[in-house]
Structure formats: C-alpha cells, structure tokens
Amino acid sequence: MMTWFEVLSLCLLTVIQHVALQSTRPHIIFIVADDMGWHDTSFHGSEIKTPFIDSLAYKGIILNNYYVSPICSPTRTAILTGRHPIHTGMQHGVIIGASPYGLSLNETIMPQYLKELGYATHIVGKWHLGHYTENHTPTRRGFDSFFGFFLGHEDYYDHSAEDGWGGYWGYDFRRNQAIERGYGEVYSTELYTQEANAILRLHNTSQPLFLWLAHQAVHAGNYNGDPVQAPQKYVERFPDIEDVPRKTFAGMTSALDDSVASVFQTLEETGMLNNSIIIFTTDNGGPTNGYDRSAACNWPLRGCKNTMWEGGVRGNGFIYSPLLSTSGYVQENMMHITDWLPTLYHAAGGDVNKLRNQDGYNLWEMLSTKGPAVRYEIIHNIDPTANFSAIRVGEFKLIDGHISGGKYDSWYPPPEADAVDINRFLSGNPASDNIAVVGQPIEVKCGPKPLDAEFNCKPEVAPCLFHIPSDPCEFHNIAASHPAEVQALLDRIDEYRKTMVPPSNKPIDPRANPALHGGAWGPWLADEQGLISIPNIIGRHV
C-alpha cells in the first residue's frame, strides 16, 4: 500500500505529464450560429433564454460594435480569408447549389494557414463555399476532416436540400468526400454536437486544434418543406411563447445553447479548456418578416438578413478564453468579421505579415487588454449587380441604392411583444442609455420613433446618412443636414470600388441536378483547367 507521500508524488507526476503533453499553441474553437438575429439571445434581452451562451458571453468579451456580412457565403469567406467579399468576388448573394463557382482556389483560408503552425483542422456542419469540383470541398482546402453539408440549408432530420433557384432536390450529407447516410432520426444540432465532442475526445492535446463548428441552427430548413424544426423537448421549454413558429424557433435556439454547453464541458473534461479560445458568432442578421419562412428577430434594429440595415449586419458575437489578459467586459470598439483571421493567427503565434492581402486587423491586444480602438471604418458591401452600397466611417453610416428591394426596411418586434415591451425600447436617450453593464442583458434603446421613420430614407432615390451612436435603430436620416459627410462617405465608397473584383456568380448548371448523381448533391465538374489539386499544402497558388 502506497504512503500518502507516494500517492501525492504520483498525482503530481500525472499533472506534470499532462501539462507537458499540452500544445504550446492555443486550441481554437470557432462556433458559427447560422441566421441568429440580434434579439435571439437572452444576453440581448430576448424572450428566448440562452443561459449557457449568456454565461460564457458575460465571462468573456461581448462584442457590442461587431459587424458581419448580410448573408451566409460572404461572411464565411470573410472569416476564413480575412478578406472582404468585394475582394473575393463574393459580394452578391450566396452560392446556390447548382451554380458552378465557389471561393477561388487562389484564396488561402484559415485551416491552411493554421496547418503551417502545426494545427489539426476539422469542420463540422455547414460549408457553403462551393462544391462544384472536388478541389472546392473542405478536405481539399485545408481541413483534415469534414462532417456536414455543402449547401446553405437543408432539412434538420433527413438532410434533403432544395435549390430554390434550380428547383432541384437532393441529399446533402457527407463525411469527408463520401456520402453519409443513416442519420435520419437524429436532429442535426445534436448530431453536430456529438461529432464535435468526439473530435475533442480523440484529439492528441499535444497538437493544437482548430475546430470550425458551423451549426445549421438556427437557419430555416427547406422553404417548401418544414422550415422551422426542433424536437419537442426543446420547444416545451418555452410555454409562455404562443406563436408556433417563434416557439419552435426558440426550441432550435435552446438546442444550440445546449450544444455550446456540451462542447465547453468536453473541453473541460479533456483538459483543453485552459488553453483554448472560443469564438461565438452569427453569420448575418436574422431573417424576419417572412424571409425564408424563418422566425428570427432583430428587434429593435431595423431590417433583416440580406439588407444593409443594422438588423442585417450588426451581429451577435463574443470571445471567451482563459488566455485573455482581461475578460468579463463589453467591448465597444468597432470590429468586423474579417478581423478574426489576423487576430486568431496572432494568438496562435503566427506572423500576421505572412497572411495574404488582408482587409482584417489583428485585434488580439485590443481585446485582451481592453485597449484602444484599432478599426475606424467598415465597408459593409458594394454590390454592383443589385446596385447598392453601404459604409460605416467613425460614427456615421451611409447606405445607397436598392439595399433590400423594399421588402425588409421596417422594424419587426417579436410576435409576443405587447405595447409595454415595445415602448421599453422606444424610449430614453440612445446616446446615454445604451451603456452596457456586464452581467445584464444588452438592450438597444432607440429613443422615440419619429412619425416619418418609415419613409424619411429612400436609399434607392438618394443616399441616406445615420449617426449610429445616437440613432442605433436608424430612425433619423440626416443626409440633408450633413452634405459634407455624405460626400465624404460616397468618396470613400468609390475608393473601395476601385479595388473591387467582379462578382463570381454563375448561372445555374443543369448538370448539377442531384437526379443525375444518385440523388445527392456533390461535385459535378472536373477540376478547373490550369489548377492543380494539392490538398493541405500551403502557399501554392496557380
């Protein structure tokens, strides 16, 4: 029988050995919530309770002046390349299932950069960056493994996916390059959580890990199918929500909250947590007012997904890590989705000067030390096809052109909101009342809504200007009284326009029809002429 001294020595030796086997570079767990609106988490005052996401946000750094692209594919390209969609040809719409294009193979993306630093790289969930050739799929672009789907949406159970433009239906679920079947009874949020946890448990912690957990939740399913889906056990958590789509959407969100909690617990159990950086972000604003038949909500922000209004581009986001020097605060400095690659590459010990043609900034020191602002402007988008643009410079935002087709220009409260709930947001002084307090929900105060709010801005007729700190809900178009600011922002857009590449969008290709490929979505063209397939090798651009 060992003495207490021998037992203690053995325990200390085990701890020392465990620590010695830990990677010296941080593990990076990047969680993307799909189509989550501003008012879809309770740390923003939503009726949908997200207790674990809230707790992690409060303990980490809430990003309160954080902007994303207005729709799926552009945001994903911006995160992974550190380059704005106007510079990658992804500034117009999303990649449709039967469209023969994707993020250019000349672009190096985050897993490829991180593999240079010795990382293992895995993707679980949604890809949506192109799949028309095998070289455009995840395991040919730096990921060691892929478990998920190619397109932008699908059914949460049977993994059927509808291409809304071509009218094609097909099965869309893979493990690496192989079609994966047999999961029809498992809710996808739970399925992706199981896979993420399995990756964490099997990972050799002496090697740094990059896990891109791109959830399907809370994106709507197929428009012509069942768009809002959740197991009843999650829906039952919200007895006070009577609107059926919103109630089911709440269940979808609650399942996502459970997923984040489960992954966090696995990081603890594997001893990886203290050397991990966890990012949580939406990819764009929530689809409201019937968009995609979803039940998301951006209240009290204006507009929705796929618009230039704040409801389309101001995102939910936070970072949590024991490696941060300072945490447990609300970050008010401006941040854009392109900033993640240089920020995380620096945190991983990489030299950001080796990143190619970056639009993003390294914000690690700003975040970790609660330091001064680094970024002062964001080009929200320039879309030459739809003929619109929007930019934020300092405190001013300008929008110009057909930014939403006139369909999603209003303010859309949650269906359960009564007059008291609505008036809570339409009161006070935005300049003084929008001071965030850690540990309390961050509710945007709009101030009183003027009678002309619905029609004082017609960006398709003339550019509109808003002062976001005092008018976060875009009630007051001040373009007429600030002509110098309007001209300065238009000039700045023109400077960006000179650097823009043409949109990469291509017409539907009937050869992509899953009926021609065993009923499944997948690559349908040979690799492009002149491009060489070199999986997982960095720095080769042809």
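Okay, let's start with Gln22, which counts as buried because its relative accessibility is 14%; buried means under 20% relative accessible area, exposed over 50%, and partly exposed in between, using a 1.4 Å probe and protein chains only. This is a predicted model, where local features need pLDDT of at least 70, side-chain atom pairs count only at pLDDT 80 or more, and totals for chains, interfaces and linings use all residues. Residues are numbered from 1 along each chain as its sequence is written, and side-chain values use heavy atoms, with hydrogens and water left out.

Where does Gln22 lie? You'll find Gln22 in the loop between helix H1 (4-20) and strand S1 (27-33). Helices (H or I, at least four residues) and strands (E, at least two) are DSSP runs, numbered from the N terminus. Leaving out residues up to four places away in sequence, Gln22 touches His27, Thr205, Ser206, Thr270, Gly271 and Met272; contact means heavy atoms within 4.5 Å. Ala453, on the other hand, is 431 residues from Gln22 in sequence and 56 Å from it in space, C-alpha to C-alpha.

Buried or exposed? Glu185 counts as exposed, because its relative accessibility is 76%. From Glu185 to Tyr156 it's 29 residues in sequence and 9.4 Å in space, C-alpha to C-alpha.

On to the rings. How many aromatic pairs does the structure hold? There are 26 aromatic pairs. Rings of Phe, Tyr and Trp (its six-membered ring) pair if their centres lie within 6.5 Å; planes under 30 degrees apart count as stacked, over 60 as edge-to-face and the rest as tilted. Take Phe149 and Tyr192: their ring centres are 6.5 Å apart and their planes sit at 20°, so that pair is stacked. Phe149 belongs to strand S5 (residues 145-149) and Tyr192 to helix H5 (residues 188-202), so this pair ties together parts that are 43 residues apart in sequence. Phe149 and Tyr192 are both buried.

Then there's Phe210 with Trp212: the centres are 6.5 Å apart but the planes are at 50°, so we call that pair tilted. Phe210 is buried at a relative accessible area of 0%, and Trp212 counts as buried at 1%. Those two belong to a cluster linked by ring pairs, along with Phe30, Tyr66, Trp127, Phe143 and Trp340.

Arg181 lies over the face of Tyr171, 4.3 Å from the ring centre, and Arg302 lies over the face of Trp309, at 3.8 Å. For the rule, NZ of Lys or CZ of Arg has to be within 6 Å of the ring centre and within 35 degrees of the ring normal.

Next, helix H2 (residues 51-59): its buried residues are Ile53, Asp54, Leu56, Ala57 and Tyr58. They pack against several elements, including helix H7 (244-269) and strand S11 (276-282).

Last thing, confidence. The protein chain averages a pLDDT of 92, and 93% of the residues score at least 70; pLDDT is the predictor's confidence in each residue, from 0 to 100. Over residues 1-20, though, the pLDDT is below 50, and this stretch has five contacts in the model beyond near neighbours in sequence. Residues 529-542 are also below 50, with 25 such contacts.
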